[in-house]
Amino acid sequence: MEKTINSKLIHEGRNFSFLQDEVELPSGRRTYRNVIRHPGAVAIVPVLPDGRIVLVRQYRYAAGKMLLELPAGTLEPGEAIEDCVRRELVEETGYEAGEVKRILSCFMAPGYSSEVIHFYVARNLKDVGSAPEPDEEISVEAMELSEVLKLIEENVIEDAKTMVGILTMNTPT
């Protein structure tokens with residue numbers, strides 16, 4: 001196991017911190033690790049009563065293009081995971097869930113980030129009107145599961161959290 005010798009904050013952002021840590025390896029050798037400290041996030045698989053999946057399309061600056069994704073968002077300080085699921089679902093899609101069920105939690109990029117994303121399925125959806133963040137321009141689309149799976153297979157859907165959520169949505173907790 002690696003032991004942290006010291007940690008230097010390089011940048012404090014709105015949703016994460018970027019650190020450069022000096023670590024000691026089990027061999028005694030010292031090296032550096034660049035790390036993004038992230039508070040965690042949620043991703044939701046919203047299922048309409050007719051079985052269609054609700055997705056969001058938005059421009060992702062880092063990817064340089066529009067991506068079709070599951071609704072998702074970052075946990076606020078002290079926020080319960082299920083509260084974040086319900087908040088993000090309404091903000092991004094305009095749907096309120098009558099039922100949410102945990103699928104799984106996993107690291108998205110453990111080589112450089114502490115982010116854990118918590119996946120949930122949302123059912124018994126009720127349209128209450130969306131309220132996106134001021135910096136989000138999102139369009140909502142509903143598709144048959146077979147169509148979403150085809151878009152994943154054809155690599156039209158390129159977002160890893162969407163792939164994980166869709167491919168594990170029927171996994172029992």
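A: Buried means a relative accessible area under 20%, exposed means over 50%, and partly exposed lies in between, with a 1.4 Å probe and protein chains only. This is a predicted model, in which local features need pLDDT of at least 70, side-chain atom pairs count only at pLDDT 80 or more, and totals for chains, interfaces and linings use all residues. Residues are numbered from 1 along each chain as its sequence is written, and side-chain values use heavy atoms, with hydrogens and water left out.

Q: What share of the chain counts as buried?

A: Of its 173 residues, 39% count as buried. The C-alpha atoms fill a box of roughly 60 × 35 × 35 Å along the principal axes.

Q: Is Asp159 buried or exposed?

A: Asp159 counts as buried because its relative accessibility is 13%. Asp159 is found in the loop between α2 and α3.

Q: Which side chain makes a polar contact with the side chain of Asp159?

A: A polar contact is a pair of N or O atoms within 3.5 Å; within protein, one must be able to donate a hydrogen and the other to accept it, and residues adjacent in sequence count only if both atoms are side-chain atoms. For the side chain of Asp159, the partner is the side chain of Lys161, at 2.9 Å.

Q: How are two packed helices described?

A: The description uses the angle between their axes and the distance between the axes. Axes are lines fitted to C-alpha atoms, for helices over the stretch in contact, and angles run from 0 to 180 degrees between N-to-C directions. Here α2 (residues 145-153) and α3 (residues 160-168) have axes that come within 11 Å and cross at roughly 135 degrees.

Q: Which residues meet where α2 and α3 touch?

A: Contact means heavy atoms within 4.5 Å. Leu145, Val148, Leu149 and Ile152 of α2 meet Thr162, Met163, Ile166 and Leu167 of α3.

Q: Where does Leu89 lie?

A: Leu89 is part of helix α1 (residues 81-93). With a relative accessible area of 0%, Leu89 is buried. Leaving aside neighbours within four places in sequence, its contacts include Ile44, Pro46, Tyr95 and Leu125. Leu89 and Ala72 are 17 residues apart in sequence, with their C-alpha atoms 7.5 Å apart in space.

Technical notes
Helix = DSSP H or I, 4+ residues; strand = E, 2+ residues; numbered from the N terminus.
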